[in-house]
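I opened my notebook to see what I could look up in this structure. Here are my entries, in the order I made them.

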Amino acid sequence: PRSEDNLFKPEIAAPGQQIISAAMGEGTAGAPLNGTSMATPHMAGVVALLKQAKPGLTAQDIKGLLMSTTTLLAKGGQRIPLTLQGAGRVQIDKALTADFVPTPGAISLGLVQVSEGALLKRPLTLKNLTNSTVQLRLSAQSSAHISIEMPSAVTLAAFESRTLELGIKVLNDEKATPRSEIESMIFLERHGEIVGQIPVLGIRAVATEIRASGTTDQG
């Protein structure tokens with residue numbers, strides 16, 4: 001998570017390993033390079049393609065489209081944590097053909113201090129980008145100590161935009177570590193196929209409760 005405020009970072013992954021780029025001082029020769037310096041140009045190109053294909057989208061729409069149409073990365077059969085891959089690896093082909101867009105692209109809870117539990121409210125807006133009705137089913141897969149209350153389905157008329165209120169419960173557990181990452185993934189389905197997802201991330205911290213008892217006034 002981002003330092004200071006614990007908000008959702010990184011937000012998305014892009015190809016950045018062994019990318020052929022220019023070799024400095026080697027004329028026309030190339031060199032395989034790694035890191036965000038290689039991933040960032042991929043994202044710049046992806047955004048340019050999406051702006052060209054869908055010029056009416058806002059910056060937040062573009063971000064929501066790219067983050068909701070990723071492929072989730074896994075290793076050894078286990079999904080890689082959101083704090084390592086963000087919303088997943090970008091898939092421009094899926095973003096270009098999506099017929100709805102969720103905003104925000106991720107729900108960031110920041111630091112959540114709990115004593116007996118907490119209930120957080122967060123908005124999620126779904127916008128239909130087509131002139132046809134879009135029907136979606138919603139579900140969530142969550143880690144320990146977090147659950148999400150939301151409608152199980154939503155129907156959007158042509159070009160309709162609707163905002164849902166999510167109820168996010170952060171649970172207390174005396175046996176759990178005092179501070180831990182909590183995450184969930186909201187899945188959007190059509191005809192049994194996942195067509196979008198929205199990541200949820202927070203840092204759960206157990207609030208210390210200090211009480212004074214048996215005190216006397218020695219005035």
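**Getting my bearings**

I started with the overall layout and found four helices and 13 strands in the protein. I noted at once that this is a predicted model. Next I looked up the extent of the C-alpha trace, which spans about 85 × 55 × 40 Å along its principal axes. Of the 219 residues, 38% are buried. I also checked the accessible surface: it comes to about 12500 Å², and carbon and sulfur atoms hold 51% of that.

Which strands make up the open sheet, and in what order? I found five, in the order 6-13-12-8-10, with mixed pairing. Strand 6 (107-114) and strand 10 (153-156) sit at the edges, each pairing on one side only. On average, neighbouring strands here are turned by 25° against each other, direction ignored.

I then followed one pair. Strand 8 (residues 134-142) and strand 10 run antiparallel and are joined by four bridges. Arg137 has Ala153 of strand 10 as its bridge partner.

**Charges**

Last, I looked up the charges: the mean positions of the 20 positive and 19 negative ones are 5 Å apart.

Terms used
Residues numbered from 1 in each chain as written. Predicted model: local features only at pLDDT ≥ 70, side-chain atom pairs only at ≥ 80, totals over all residues. Heavy atoms only, no water. Pairing = 2+ DSSP bridges. Helix = DSSP H or I, 4+ residues; strand = E, 2+ residues; numbered from the N terminus. Axes fitted to C-alpha atoms, helices over the stretch in contact; angles between N-to-C directions. Buried < 20%, exposed > 50% of the residue type's maximum accessible area, 1.4 Å probe, protein only. Areas by Shrake-Rupley, 256 points an atom, 1.4 Å probe, with all protein chains shown as cover. Lys, Arg positive; Asp, Glu negative; His and termini not counted. Charge placed at Lys NZ, Arg CZ, Asp CG, Glu CD.
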